[in-house]
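Let's take a friendly tour of this structure, starting where the chains meet and then moving inside one of them. Have the 3D view ready as you read.

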Amino acid sequence: MLFYLLRRLFQSAIVLAVVAFGSFMMFRFMGDPVAQLVSEETTLADRALIRQSLGLDDPLIVQFGHFAARVVQGEFGLSYQMGQPVMRLIAERLPATLELSFVAFSLALLIGIPLGVFAGLKPNSIITRVIMILSLAGISMPTFFVGLLLMVYFGVELAILPTFGRGETVDLGFWTTGFLTKSGWLSIILPAVTLGLFQLTFIMRLVRAEMLEVMRADFIRFARARGLPARRIHFRHALKNTLVPVMTIAGLQFGSIIAFGIITESVFQWPGIGLLFLQAISAVDIPVVSTYLLLVAVIFVVVNLIVDMLYYMVDPRLRVGAK
Amino acid sequence: MSFLSISNLTVEYPGPLGTFTAVKNASLTVARGEILGIVGESGAGKSTIGNAIMGLLDHPGRVSGGEIIFDGERLNPADDRAMRGLRGKRISMIFQDPMTSLNPLFTVGEQLIETIRTHKRLSADEARKNAIELLASVGIASPEERIDHYPHQFSGGMRQRVVIALVLCSDPDLIIADEPTTALDVSVQAQILDLIKSLVATRNVGVILVTHDMGVIAETTDRVVMMYKGEVVETGETAQIIHAPKQAYTKSLISAVPRGDRRLDRFPGVSFLEADRPAEPKLGGWWFDNTNQMPAITDEPLVTVRNLGLRFTTRHALLPSYRRYFNAVKDVSFQIRRGEVLGLVGESGSGKSSIAKLLTQIYKPSSGEIRFGEHRLGTLTAREQKLLRSQIQMIFQDPYSSLNPRMSVERIIAEPIRHHANASGAEIAKLVHELLEIVGLGAAAAKKFPHEFSGGQRQRIAIARALATRPRFLICDEPTSALDVSIQAQILNLLKDLRDALDLTVLFISHDLPVVRQMCDRIIVMRDGQIVETSQAEHFFESPQTDYSRDLLRLMPRMPSRT
Amino acid sequence: MFTTPLRKLRIRIAAHPLLYRFLASPITMLATFLGAAMILAAFLAPFLAPQDPFDPAALDLLNSLLPPSWQEGGDAGYLLGTDDQGRDLFSAILYGTRTSLIVGGVSVSIAVLIGLFLGLIAGYFGGLLDAVIMRIVDIQMTFPSIMVALLIDGVSRGILPAEQHDRLAIFVIIFALSLSIWPQVARTVRASTMVQRQRDYVLAAQVIGIPSPLILVRHILPNVLGPILVIATINLGVAILGEATLSFLGVGIPASEPSLGTLIRIGNGFLFSGERWLIIFPGMTLALMVLSVNLVGDWLRQELDPKLR
């Protein structure tokens with residue numbers, strides 16, 4: 001167990017280091033950091049002095065060391081665009097993104113898994129065919145288009161749901177939440193459905209494919225031959241085996257929730273880090289962009305570690321050595 | 001008293017090319033306390049009968065005629081609800097591969113208790129006690145501890161015992177065992193068959209044993225149903241079928257089973273399968289007269305292996321002390337004399353196939369050396385290396401995997417010729433046609449693709465390819481173990497003929513001792529990567545030198561001696 | 001009887017499983033037909049379109065924001081209405097579809113070439129080479145395609161002056177999409193290659209002495225084409241969507257030569273003022289195109305992936 005975890009941690013550390021280096025290179029070589037600090041009148045000599053004091057003349061590896069040290073302490077510099085510490089900008093907006101992702105992902109899992117199980121168990125039923133075609137249509141619609149359609153219909157046509165922003169939020173000091181107000185809940189419906197739809201179809205199709213494969217396994221045939229009731233075979237034996245691969249890929253999918261979050265946040269003007277990132281890209285606001293990248297990498301690594309641990313709990317072949 | 005009787009059972013699979021009839025008008029009976037064998041070659045429909053009784057036919061198969069009467073009641077396999085009442089409770093089934101028959105995510109105990117409580121009204125504690133008793137009764141040591149283990153903690157043979165325990169959970173009256181020992185080594189196979197026999201005696205159940213292996217039939221069953229292409233050819237007492245078969249098909253099939261008791265010159269042909277009858281290899285033509293460019297080998301041994309070792313790293317680590325290794329071959333030395341057929345025998349994991357891959361230079365030895373004539377492998381120039389590759393060729397076990405499905409037969413056989421010889425397209429085509437004639441397929445096969453051929457025909461194509469480089473040394477790695485008995489006899493005859501005609505030296509790798517007895521001059525027995533015994537073949541079979549060899553011979557399923 | 005040749009034909013079709021199953025799946029046939037028709041229309045845009053949407057001289061601001069021809073106030077000359085520049089939406093969609101298809105097709109082709117090469121090598125040789133390639137793939141897959149594309153666009157903005165950036169936008173986006181798709185191809189190819197490498201026909205070729213590059217090209221490549229076809233088709237849909245998304249976000253194809261995504265971005269500005277045809281028609285065109293690609297891809301996957309059969 002320890003060995004396995006340590007190896008995964010080591011791999012995660014490599015991923016983080018590579019991403020950190022990428023962020024650093026962007027930070028260092030895109031745009032002139034000195035130019036951001038000085039005015040027109042600063043002399044060349046002064047500029048050189050500033051360069052030196054910023055350590056820009058040091059060897060690259062030393063600079064990266066300093067960068068990494070600052071990052072570990074949570075210092076990411078100032079946003080060029082807004083002149084505020086990047087850390088604060090991100091901290092303000094992270095709750096919005098996490099709440100949206102959470103609701104969208106829950107929707108995807110709670111609807112996607114049962115539909116997938118159904119489609120896997122009854123591959124030839126009419127309902128399954130309809131579900132499969134609809135899910136393909138869902139995958140084929142670009143996220144932003146789905147968002148726009150929902151907005152037009154529920155926001156403009158029926159005018160029952162808000163089309164932008166988070167509604168009223170409650171500030172808990174470290175966290176601003178929309179979960180405590182009615183307008184907060186109403187506001188999250190359209191963005192969460194938009195964001196969750198693609199994940200839902202993806203997870204559903206994945207569960208179906210795994211279910212179809214497991215249902216052909218010898219141990220399922222043997223369970224049937226032993227006369228076990230169908231419900232038990234489907235939901236105990238087959239589903240548990242299906243979940244092992246589904247967990248891994250669903251974990252990977254969390255990354256795409258963050259990515260599609262950018263689009264959803266843009267369509268619904270949801271004040272999360274995705275929108276921040278998008279604005280930063282257009283304005284070439286490098287500190288924000290590189291911090292965002294690091295953050296995504298950290299989220300990815302953490303999610304993966306959690307998935308690994310779940311995996312470990314579900315699959316005895318990893319846990320218990322062979323005799 | 002028969003309590004299962006099947007009459008005129010017909011099973012059909014409708015498909016785009018029309019309906020395929022897997023079983024046609026089959027009738028049979030089973031009594032309590034009796035083991036009925038259903039035997040036949042692949043495609044005979046023997047497994048389909050078992051699945052039909054269980055109501056577990058694969059989609060879109062259906063029972064289209066006949067009836068199954070179980071204990072006085074007529075079964076309707078289409079009625080899934082009624083079938084579930086019987087399935088598992090009164091009729092149960094053992095599948096071929098114990099490695100995949102158990103759910104890997106639940107302990108053996110969980111699976112046993114679940115099954116017991118499905119069929120009997122017992123509390124969890126009582127069911128657990130019952131499960132421990134069952135494990136003990138199928139011969140699993142310290143069942144109190146083992147019950148909480150997961151399937152992957154059991155070996156293949158032990159898993160099959162667990163499977164049998166699961167089958168016994170409901171005290172069934174009839175057990176259908178579909179090739180229950182085919183995936184197991186010979187020594188384990190004998191134990192499992194003994195277990196089944198003792199269960200029949202103590203519990204008075206009826207067993208249908210479906211198998212392709214006449215040896216298993218001869219040793220285990222009371223009565224036999226012989227099937228061919230979906231139809232029952234002959235039914236009778238086991239002894240009568242083995243000793244005095246009445247039908248032509250049964251006769252020829254039984255004569256094709258390799259005998260463990262004495263060596264014959266050739267396998268008797270399977271006269272029932274006229275269509276597949278091989279042509280006698282017609283040798284000659286310009287190709288074989290061309291002598292090899294390799295320097296003549298004067299020394300007697302063609303291949304010399306000295307202190308050969310092969311080690312795999314099973315766990316990589318930066319620090320050497322954390323690395324784990326597996327020694328597939330340990331300090332092996334032997335010689336192969338020119339013109340002889342050397343048999344390499346052992347159970348799975350004994351290192352036989354690793355030796356083949358070392359000799360063909362697919363693996364590099366970790367230690368020791370291999371010499372081919374005077375040339376030491378691994379020290380050759382590129383030119384010598386290329387010549388050497390043309391001298392050593394190999395025939396693989398699975399003819400379905402050894403031919404590239406995207407290449408025509410002509411391209412498959414021409415590839416080695418093109419690689420090793422400077423010949424024009426016309427010369428190569430002529431050679432390919434000759435080779436196809438030699439292996440008994442005929443030149444017309446050249447334009448076809450592998451999927452158009454049966455397993456036996458594919459193995460002939462593989463042989464033609466192996467011969468295409470004019471090898472002196474042929475390695476056969478279980479060349480017939482994926483084939484039916486009748487086809488096996490043809491392929492082995494072909495190999496014998498070719499060896500004589502082409503003066504080949506052969507390394508014949510097999511786990512099947514009767515086949516080895518028919519084919520080999522000398523035998524090496526391997527176990528866990530080491531050589532246990534080296535003897536002349538007849539000497540080995542008559543008076544084996546080590547305990548391990550004696551065990552292997554004792555456990556070999558035998559056809560009773562015939563005259 | 002005339003049934004004999006018909007029967008013969010049926011038997012021949014049945015003997016060719018892929019064709020048979022294709023003809024047995026009306027939805028797949030419909031999708032193929034629809035997709036082919038759209039591709040044809042897109043590439044014949046210069047001949048089919050009533051107006052050249054890139055020619056400022058052809059535009060008339062008086063005709064701006066006309067509704068579709070069947071609605072009140074519509075003009076028969078502008079089938080699907082016009083945008084705020086007076087551009088004929090139907091023509092713009094034809095040209096936009098062409099841009100979307102070219103960007104998608106080229107990106108996927110590049111990604112397939114890279115992924116095929118690296119996947120074959122990683123799967124066949126294994127060892128350190130495999131480990132390095134697969135780590136790169138893993139890291140790359142950490143960042144979903146949209147994010148990678150956004151980032152590359154951001155970097156190119158940082159490096160290039162604005163007017164050059166617009167001119168090179170199409171190449172930037174193709175580069176970004178290829179970069180985000182190749183890891184998937186590499187993964188698939190590697191997995192299939194590893195399966196094929198275990199098969200005895202590869203061993204047989206090694207025993208004969210065929211050099212590794214030849215084994216890869218002659219033996220393994222033809223046997224991994226099926227999965228490549230599947231993954232390429234599915235990713236064609238992904239690439240088209242990716243391009244549309246980037247253009248919608250304003251970091252893709254500039255408005256001077258609009259793709260479908262750019263058109264929807266333009267229409268988005270009129271969402272609340274009622275000119276909804278400006279997003280509905282380009283959006284539906286996009287969705288229909290991707291849907292037909294996905295239907296074909298899904299069918300191919302079902303037929304060629306032994307795991308699903």
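Where chain A and chain B touch, chain A puts in 26 residues and chain B puts in 36 residues. Keep in mind that this is a predicted model.

**Across the interface**

- Two salt bridges cross from chain A to chain B.
- Arg232(A) pairs up with Glu114(B) in a salt bridge, with the closest N and O atoms 2.7 Å apart.
- Ten residue pairs are in polar contact between chain A and chain B, counting pairs with both residues at pLDDT 80 or more.
- On the chain A side, the elements giving two or more residues are helix H9 (218-225), helix H10 (230-268) and helix H13 (316-319).
- That side of chain A has eleven nonpolar, four polar and eleven charged residues.

**Chain B as a whole**

- Chain B has 21 helices and 20 strands.
- Its C-alpha trace spans about 80 × 60 × 45 Å along the principal axes.
- Take the contacts in chain B between residues at least 6 apart in sequence: 70% of them join residues at least 24 apart.

- Over all chains, the structure holds 29 salt bridges.
- Lys352(B) and Glu478(B) form a salt bridge, with their closest N and O atoms 4.0 Å apart. Lys352(B) sits in helix H13 (residues 352-359) and Glu478(B) in the loop between strand E17 (473-477) and helix H18 (485-502), so this pair ties together parts that are 126 residues apart in sequence.
- Lys352(B) is buried at 8% relative accessible area, and Glu478(B) is buried at 8% too.
- Glu410(B) meets Lys447(B) in a salt bridge at 2.5 Å, N to O. Glu410(B) belongs to helix H15 (residues 409-420), while Lys447(B) is in the loop between helix H16 (425-438) and helix H17 (455-467), so the linked parts are 37 residues apart in sequence.
- Glu410(B) counts as buried at 17% relative accessibility, but Lys447(B) counts as exposed at 63%.
- Arg32(B), Asp71(B), Arg90(B) and Asp173(B) join up in a network of salt bridges.

Methods:
Residues numbered from 1 in each chain as written. Chains lettered and ligands numbered in written order. Predicted model: local features only at pLDDT ≥ 70, side-chain atom pairs only at ≥ 80, totals over all residues. Heavy atoms only, no water. Contact = heavy atoms within 4.5 Å. Salt bridge = Lys/Arg side-chain N within 4 Å of Asp/Glu carboxyl O. Polar contact = N/O pair within 3.5 Å; in protein donor to acceptor, adjacent residues only side chain to side chain. Helix = DSSP H or I, 4+ residues; strand = E, 2+ residues; numbered from the N terminus. Nonpolar A, V, L, I, M, F, W, Y, C, P; charged D, E, K, R; others polar. Buried < 20%, exposed > 50% of the residue type's maximum accessible area, 1.4 Å probe, protein only.
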